[in-house]
Amino acid sequence: MGKLVLDRVLVLEMVRVTEAAAVACHKWIGRGDEKAADAAAVKAMRESLNDLSIDGTVVIGEGERDEAPMLYIGEKVGKGGVKADIALDPLEGTTICAKAMQNSLAVIAIAQEGCLLNAPDVYMDKIAVGGGLPEGVVDLDNTIEENVKAVAKAKGQAVEDTMVCVLDRPRHAKMIDELRALGCGVTLIGDGDVAGVIATTNPDTGIDMYMGSGGAPEGVLAAAALRCTGGQIQGRLTFRNDDERARAAKWGIEDLNRKYDTKDMAKGDVIFAATGVTDGSMLSGVRKTSHGYETETVVMRSASKTIRMVKSVHGPNHFGHA
């Protein structure tokens, strides 16, 4: 993996891809129609990807071919060129977008061929922290108390000054109670756990760690972002039934109890980009103005550990939208 296969030009190309998806679903923000918002984002992202000089394969996408008409797992995108794996969520937080709530994003990660985990569409237990902490500071096999105290110690702060981000779900009620009993704060999010994990990378969000179960595909996208920032994530797939176990077997996963770390999910040269659809903890959402649309995007690259914040102004017809 020493040689950098991905061209630096792709960094800005990824920005254009997520911007297109974000702008496309702007008119659906707060309209209560999740499917229409998602369909608009998917169409725009696919068109943008097909303009790129890559030989891309979608490894994390909108589902399998029989349930998704485009950007399904295994679909080829691009005009030809360097072989690359692509993980994407054209509209992360469809419900958030439909309800005009915070932290809806258009997200993509691209890596060298074979470097992104083909995660089945099942749940994954996750724990994540941002950069600058000792390797292995958190572990899924440790207790909640052990993990919180380890992060607090590594950051030189009290447990009471530690903030944990958790998806607001009934399955997390016991975890939330335990966290609060320890005295630390809990930031609850309604959806969009890629944004929740990424929040650990930015000190301005006040979030020190992420805990809980969410989608496995989102875990891979989050791992791609953390690879670029020096953060850490661990994940373990969880299965509710035989159908989900069969789904994992289909993607060649034999050890159903395996604990994946950041590089297990996203290795090699990785580029990650996310554009805000609605306002969030890190990014402003798409704004329609008298001169078109304004977007805000974060784009990162693992090879250089570069993080760029890109604010763009698009003319009213830039993406074909009036």
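A strand, as the word is used here, is a DSSP run marked E of at least two residues, and strands are numbered from the N terminus. In this predicted model, Gly-215 lies in one such run, strand E8, which covers residues 209–215.

Gly-215 is among the positions that UniProt, in an unreviewed entry, gives as "binding site", a list that also includes Tyr-123, Arg-169 and Asp-193. From that list, the lining of the largest pocket includes Gly-215, Tyr-123, Arg-169 and Asp-193, among others. Arg-169, by contrast, is found in the loop between strand E6 (163–167) and helix H5 (173–182), and, not counting residues up to four places away in sequence, it touches Ile-189, Gly-190 and Asp-191.

UniProt also lists Asp-38 and Glu-62 for "binding site", again in an unreviewed entry. These residues span 25 residues in sequence, yet no two of their C-alpha atoms are more than 9.7 Å apart, so they gather at one spot. The lining of the largest pocket includes both Asp-38 and Glu-62. Asp-38 sits in helix H2 (residues 34–49), and its contacts beyond four places in sequence are Glu-62, Leu-91 and Thr-94. Glu-62 belongs to the loop between strand E1 (54–60) and strand E2 (76–77), and its contacts, counted likewise, include Asp-38, Val-42 and Tyr-72.

The table gives the accessibility of these residues.

| Residue | Relative accessible area | Class |
|---|---|---|
| Gly-215 | 17% | Gly-215 is buried |
| Asp-38 | 17% | Asp-38 is buried |
| Glu-62 | 23% | Glu-62 is partly exposed |
| Arg-169 | 26% | Arg-169 is partly exposed |

How values were computed. Residues are numbered from 1 along each chain as its sequence is written. This is a predicted model: local features need pLDDT of at least 70, side-chain atom pairs count only at pLDDT 80 or more; totals for chains, interfaces and linings use all residues. Side-chain values use heavy atoms; hydrogens and water are left out. UniProt positions are given in the numbering used here, feature names are shortened, and annotations may be inferred rather than shown by experiment. On a 1 Å grid over the protein atoms alone, a cavity is a set of points where a 1.4 Å probe fits but cannot get out, and a pocket is an open set with protein on both sides within 12 Å along at least five of seven lines; lining residues have an atom within 4 Å of a point. Helices (H or I, at least four residues) and strands (E, at least two) are DSSP runs, numbered from the N terminus. Buried means under 20% relative accessible area, exposed over 50%, partly exposed in between (1.4 Å probe, protein chains only). Contact means heavy atoms within 4.5 Å.
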